[in-house]
Protein chains: 2
Amino acid sequence: MAEYLTGIDLGGTNIKVGVVDQTGRIISKHSAPMGKPRTREEVLEKIYAATEETLRRAGMKADRIKALGIATPGTLDIAAGVVVSAANLPDWENVALRESVRKRFDIPVVLENDANAAAWGEYWAGAGKETSSMIMLTLGTGIGGGIILDGKLWHGFKDSAGEIGHVVIDYHGRQCACGNIGCLEAYASADSTVRRFVEAVKSGKSTNLERHVHEHPEEITSKIICEEALKGDVLSRKTLEETGFYLGVGVVTILHFMNPEMVVLTGGMIIGAGSMLMDPLKRVVEERAMGRSREDVRIAFARLGGDAGFVGAAGCALTVSGTSAS
Amino acid sequence: MAEYLTGIDLGGTNIKVGVVDQTGRIISKHSAPMGKPRTREEVLEKIYAATEETLRRAGMKADRIKALGIATPGTLDIAAGVVVSAANLPDWENVALRESVRKRFDIPVVLENDANAAAWGEYWAGAGKETSSMIMLTLGTGIGGGIILDGKLWHGFKDSAGEIGHVVIDYHGRQCACGNIGCLEAYASADSTVRRFVEAVKSGKSTNLERHVHEHPEEITSKIICEEALKGDVLSRKTLEETGFYLGVGVVTILHFMNPEMVVLTGGMIIGAGSMLMDPLKRVVEERAMGRSREDVRIAFARLGGDAGFVGAAGCALTVSGTSAS
């Protein structure tokens with residue numbers, strides 16, 4: 001009986017694949033390096049091989065899989081099952097990914113963008129279980145997001161909703177890489193946190209990382225800042241707390257605008273920074289958000305870590321299998 | 001046959017009632033002053049009388065009405081049909097308004113908050129007809145909002161979604177009346193526009209309204225500023241254009257976050273200010289919003305004016321009649 005689901009999380013560096021049951025519990029998982037494929041066929045072969053390896057580890061053939069979901073970066077036409085473009089993969093324009101994978105494994109396939117899939121994973125089987133509405137922020141190079149309302153992903157008019165990194169927090173503030181001014185992402189992503197830290201050091205603030213910043217600023221990561229903060233470095237701690245403050249401002253906008261039941265934060269930085277991010281974030285929400293918009297709201301870290309993408313992709317496949325998956 | 005709908009727009013100053021057909025076309029309408037009722041029974045009697053007068057003008061008995069919707073200010077428990085509290089009406093706490101009106105007219109009744117009802121009116125029968133998703137901003141004393149996604153009003157976890165006046169545009173900016181800092185409302189509501197104008201005059205900027213501002217600042221309204229701007233007063237025009245700029249920043253956040261198909265603006269100020277608001281607003285969106293979030297998006301003024309509330313209330317009644325209306 002086809003009772004399991006497969007999720008693929010396609011990244012520029014790795015392909016993560018998992019087999020999960022219909023509650024989102026992971027049966028087997030496998031991560032394969034993308035390497036340096038030169039053609040779109042080579043990328044597809046990598047996807048097929050990683051999927052077959054995961055099934056082999058689960059001791060299953062594809063006929064045990066009810067449906068397969070693919071979390072993918074780039075611009076998608078979800079209805080058509082096509083990746084319109086993606087920066088990190090070769091020759092990856094107008095790829096009919098859904099149809100290719102469907103043919104190979106002869107099961108229903110759905111595509112979802114990677115941020116939405118990760119949000120769906122947390123909603124279905126992680127931090128957001130049993131909520132009706134959840135908004136997730138992913139802190140990385142930038143800040144991505146996913147929006148779940150009334151048990152459904154909200155994609156937006158042109159499949160581009162959830163750019164929560166690009167809500168404005170200061171209309172005359174920092175320049176954002178997207179061209180806008182004052183986006184949340186320009187203050188509170190992992191990369192922006194590093195940038196603010198390096199700026200502070202270069203402007204003369206003292207820190208244990210002073211020499212490191214002056215000699216090799218390009219080596220500083222949010223992970224290093226988290227580690228130094230935990231060792232007691234004041235500037236590192238202050239920088240992370242400021243990130244928490246900015247995130248809190250963004251969360252106030254989210255609560256006032258959409259009044260979700262839950263806000264979830266994910267990304268490598270949450271593990272290292274923990275309460276140094278969450279405490280100031282919650283303080284801002286307490287101080288600034290209107291009563292009803294924050295009543296009984298839960299704000300929490302994600303639970304699935306790097307598995308959220310393939311778990312969520314599998315969950316999206318479950319949701320549509322039997323309906324619009326082809 | 002019960003083929004028409006009735007909408008009531010309950011305000012502190014007036015009760016507006018309309019009979020509409022199932023496409024939202026107005027058959028008859030009537031506005032009655034609230035006066036100074038002293039008890040909740042007196043308020044209810046005013047509501048009944050205004051409704052009966054509207055039906056009389058339409059030449060109908062209540063048995064021609066399929067369902068009745070009430071747009072009401074204050075905090076609601078929509079599922080229970082109860083107004084939890086409303087500042088401008090006497091003894092208006094935990095009023096089982098739905099049940100009272102249902103009993104009086106013996107037809108299904110629904111409650112909706114006034115900002116949502118007005119948004120639904122524009123979506124159903126006004127500027128937003130034939131869109132799938134629409135977000136409306138109402139510029140008045142404050143800035144209210146309503147959110148329609150996939151043909152449904154989004155109420156939020158605690159029925160408090162759509163506080164679009166309280167998305168942040170400057171986290172270290174102006175104090176907002178809500179307690180938050182830097183809300184859109186603190187810059188771009190009709191009242192905030194007046195406040196910025198008066199501030200500019202008091203700081204020495206010259207305008208035709210100089211004497212008026214110095215002698216009777218409390219008399220300045222956004223209407224007067226609009227009129228002077230149209231007569232060529234530079235500071236008046238600049239103040240309105242700045243309002244348009246701030247609204248544009250708010251719209252950028254709306255587009256990035258939710259990617260709706262349409263954004264609608266309403267409120268008295270849009271009539272007076274017109275393109276002085278809309279041109280700078282669209283310019284900011286063009287310059288600052290990411291490509292896909294603004295692709296094919298429509299940004300427009302509302303069409304129903306002061307009728308949107310009762311039309312939308314009637315439309316909400318149509319949507320739920322036969323399902324959950326009681």
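Helices and strands are here DSSP runs, a helix having at least four residues and a strand at least two, numbered from the N terminus. The exercises below concern a predicted model.

**Exercise 1. Locate B:D296 and describe its backbone, its exposure and its salt bridge.**

Step 1. In chain B, the loop between α11 and β13 (298-301) holds B:D296.

Step 2. The phi angle of B:D296 is positive, about 60 degrees, although the residue is not a glycine.

Step 3. The relative accessible area of B:D296 is 52%; exposed means over 50%, so B:D296 counts as exposed.

Step 4. B:D296 forms a salt bridge with A:K158, and the closest N and O atoms are 2.7 Å apart. Across the interface of chain B and chain A, four salt bridges are found by the rule.

**Exercise 2. Describe the side of chain B that touches chain A by its elements and its residue classes.**

Step 1. At least two residues each come from β5 (75-77), β10 (143-149), α8 (234-258), α10 (275-288) and α11 (291-294) of chain B.

Step 2. The largest share belongs to α8(B), with nine residues.

Step 3. Sorted by class, this side of chain B has 25 nonpolar, 14 polar and twelve charged residues.

**Exercise 3. State the extent of the interface between chain B and chain A, in residues, area and polar pairs.**

Step 1. Contact joins 51 residues of chain B with 51 residues of chain A.

Step 2. The size of an interface is often given as the accessible area lost when the parts come together. Between chain B and chain A the buried area is about 4,400 Å², and carbon and sulfur atoms give 61% of it.

Step 3. B:F157, B:Y171 and B:F257 supply 20% of the area that chain B buries against chain A, more than any other three residues.

Step 4. With both residues at pLDDT 80 or more, 24 residue pairs are in polar contact between the two chains.

**Exercise 4. Is B:S160 buried or exposed, and what does it contact?**

Step 1. B:S160 sits in the loop of chain B between β11 (152-153) and α4 (185-188).

Step 2. Its relative accessibility is 10%; buried means under 20%, so B:S160 counts as buried.

Step 3. Setting aside neighbours within four places in sequence, B:S160 contacts A:H256, A:N259, A:R292, A:S293 and B:H155.

Step 4. With one of these, A:N259, the contact is polar and runs from side chain to side chain, at 3.3 Å.

**Exercise 5. Characterise A:D106 by location, phi and accessibility.**

Step 1. The loop between α2 (97-105) and β8 (109-113) of chain A contains A:D106.

Step 2. A:D106 has a positive phi, near 55 degrees, and is a residue other than glycine.

Step 3. With a relative accessible area of 62%, A:D106 is exposed.

Notes:
Residues are numbered from 1 along each chain as its sequence is written. Chains are lettered from A and ligands numbered from 1 in the order in which they are written. This is a predicted model: local features need pLDDT of at least 70, side-chain atom pairs count only at pLDDT 80 or more; totals for chains, interfaces and linings use all residues. Side-chain values use heavy atoms; hydrogens and water are left out. Contact means heavy atoms within 4.5 Å. Buried area is the accessible area (1.4 Å probe) that two parts lose on being put together, summed over both. A salt bridge is a side-chain nitrogen of Lys or Arg within 4 Å of a carboxyl oxygen of Asp or Glu. A polar contact is a pair of N or O atoms within 3.5 Å; within protein, one must be able to donate a hydrogen and the other to accept it, and residues adjacent in sequence count only if both atoms are side-chain atoms. Ala, Val, Leu, Ile, Met, Phe, Trp, Tyr, Cys and Pro count as nonpolar, Asp, Glu, Lys and Arg as charged, and the others, Gly among them, as polar. Buried means under 20% relative accessible area, exposed over 50%, partly exposed in between (1.4 Å probe, protein chains only).
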